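Reader: Hi! Could you walk me through this one?
Author: Happy to, here it comes.

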Amino acid sequence: MNVLIVFAHPERHSLNGALLDVAVSELTAQGHDVQVSDLYAMHWKAAVDRDDFPGLSSDGPLKVWKASNDGFAADALTPDVKAEQEKLLWADTVILQFPLWWFAMPAILKGWVDRVYASGFAYGVGEHSEQRWGDRYGEGVMAGKRAMLMVTAGGWPEHYSDRGINGPIDDLLFPINHGILFYPGFTVLPPFVAYRVDRMDEPKFTLLAEQLRERMTTLETIAPIPYRKQNYGDYQIPTMELLPGLAPPGAHGFAVHLAPERD
């Protein structure tokens, strides 16, 4: 299996860096091929601007989706973006690893998504009609590939529980899992989340590392998050609302987009 880890932490000699080493070591020991995109070490350019689209006219307005689509179609995107797109096509499984900062991914990783997920590559693909609304949410270029998040958080697990003040961790990660991974077609695995990382001592790290090794052994077999696919009859097209009667009793918000009974 080919595994791409997109690593977004500014300090390689950190807990995140140690967890990256554990993951790479375990995956390699299993015989998998691993590539790591260390965004800070790569000095990854996070902001989308005119420099991303060399073919764009200097006197025309910058419409990012159109410039992205035209650049991808003409094979004229910048070399750094094309290199990351090639890694995504190469990978069977993609892991996004990052610390949870202000309830989201670091800006450099969001910038990686903004630039690499070009129109025509990760979105804006497929037929748009009364029966389909593009190849997305379970379909698309990444269909058949697996993906997961590896996240560190300073708070306690209870802080991210159903009654926790930070909100449920699954809700906080929904925009990434569902909107960034599932949208272009990835089969999304449950996230690996490490809590209270600022209070991590050697015994706790030893346990955490063992849990991560175990997760790395199950990448090909663990049950994915059972998101509903967009074009499989659950949603009204083109409003993209879940059809009446499909949500489980008591389900609301993000939970209505899960269909565990289908697994």
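**Surface and cavity**

Author: Phenylalanine 103 counts as partly exposed because its relative accessibility is 41%; buried means under 20% relative accessible area, exposed over 50%, and partly exposed in between (1.4 Å probe, protein chains only). This is a predicted model, where local features need pLDDT of at least 70, side-chain atom pairs count only at pLDDT 80 or more, and totals for chains, interfaces and linings use all residues. Residues are numbered from 1 along each chain as its sequence is written, and side-chain values use heavy atoms, with hydrogens and water left out.

Reader: Thanks! Where is phenylalanine 103 found?
Author: In the loop between strand E3 (93-99) and helix H4 (107-116). Helices (H or I, at least four residues) and strands (E, at least two) are DSSP runs, numbered from the N terminus.

Reader: New topic: how many cavities of 30 Å³ or more does the structure hold?
Author: One, and the largest cavity has a volume of about 70 Å³. A cavity here is a set of points, on a 1 Å grid over the protein atoms alone, where a 1.4 Å probe fits but cannot get out; lining residues have an atom within 4 Å of a point.

Reader: Which residues line the largest cavity?
Author: Among them are Val48, Phe53, Val64, Leu77, Asp114 and Arg115. Helix H2 (64-73) and H4 each supply at least two residues of that lining.

Reader: And isoleucine 180, buried or exposed?
Author: Isoleucine 180 is buried, because its relative accessible area is 12%. Its place is in helix H5 (residues 169-182). The C-alpha atoms of isoleucine 180 and aspartate 114 are separated by 10.0 Å, with the two residues 66 apart along the chain.

Definitions and conventions
On a 1 Å grid over the protein atoms alone, a cavity is a set of points where a 1.4 Å probe fits but cannot get out, and a pocket is an open set with protein on both sides within 12 Å along at least five of seven lines; lining residues have an atom within 4 Å of a point. Grid points are joined across faces, edges and corners, and a volume is the space filled by probe spheres set on the points.
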